[in-house]
Amino acid sequence: MSEVLHTVENGVSWITLNRPEAMNAVTWDQRERIVALLAEASADASVRCVVITATGRGFCAGADLRGAPSLGDRVAGDVARMIRQGAQRFVAAVMDCEKPVIAAVNGTAAGIGAHLAFACDLVLAAESARFVEVFARRGLVPDGGGAYLLPRLIGPQRAKELMFFGDALPAAEARALGLVNRVVPADDLEKTARAWAERLAQGPTRALALTKQLVNASLDVDRATAFAAEATAQELNMTTRDAQEGVASFVERREARYEGR
């Protein structure tokens, strides 16, 4: 049985964690497969959106390190290297994917599982979903980009509250905080994710990629740098067929037909 299911339908790459018996705690092999699939989605012009979801009751219960390569006799620097090449690379692969990435969170998202969801561009959650910053409960510092992502999404005070206490955050509360775009009944999660993904897959794919890059960088740069990046992005975008189609459709008063090119 494959631990990561993958299909491409109507321009959407569906990536599904498939270890329901372990609440989809992510293994080293799963992580590498997902990183590779995200890179493939960036490079494949026929893929215009990505959905990350999971089977069973859990979205991702964190990291399962049992399948990771052994560090042997650990020396100073080994843990930092493991985090850089592992959890941080995993989350960065989502943020750097050149296609919109939707998280369809079907259940508990804990630790790196929560950060995997928060790294996505849009987050849909079933009513039963919960988000848990579990690290402090295990005596650990949050990794996988958590201390970078959460303050940018909800501000430092609320981020610290979640990280210090490690309490489970129900989906409705996560939406109220701004961590989730929409909460839906569990039976509607896949249908809603499919509708959103296929709508994005019919959009101007390169413009969306450039928009994603601008937004992700916006909180890390000053205004002059952000404005310069915006102008350059629009310059690049205007060379695409979709931008030309968008302008033509406006002038001709018709619906645009985007090709993702």
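Predicted model: local features only at pLDDT ≥ 70, side-chain atom pairs only at ≥ 80, totals over all residues.
Local features need pLDDT of at least 70 and side-chain atom pairs 80 or more, while totals for chains, interfaces and linings use all residues. Residues are numbered from 1 along each chain, and side-chain values use heavy atoms, with hydrogens and water left out.

Reader: Why are Phe118 and Phe131 called a stacked pair?
Author: Rings of Phe, Tyr and Trp (its six-membered ring) pair if their centres lie within 6.5 Å; planes under 30 degrees apart are stacked, over 60 edge-to-face, and the rest tilted. The centres of Phe118 and Phe131 are 5.4 Å apart and the planes lie at 25 degrees, so the pair is stacked. The pair joins helix H3 (residues 112-119) to strand S8 (residues 130-132); helices (H or I, at least four residues) and strands (E, at least two) are DSSP runs, numbered from the N terminus.

Reader: What makes Phe118 buried?
Author: Buried means under 20% relative accessible area, exposed over 50%, and partly exposed in between (1.4 Å probe, protein chains only). Phe118 has 6%, so Phe118 is buried. Phe131, at 3%, also counts as buried.

Reader: How do you know that the charged end of Arg223 sits over the ring of Phe227?
Author: The rule asks for NZ of Lys or CZ of Arg within 6 Å of the ring centre and within 35 degrees of the ring normal. The charged end of Arg223 is 5.9 Å from the centre of the Phe227 ring. Arg152 lies over the face of Tyr148, at 3.8 Å.

Reader: What span should helix H9 have?
Author: The expected span is 1.5 Å times one less than the number of residues. For the 15 residues of H9 (residues 223-237) that gives 21 Å, and the end C-alpha atoms are 21 Å apart, which agrees.
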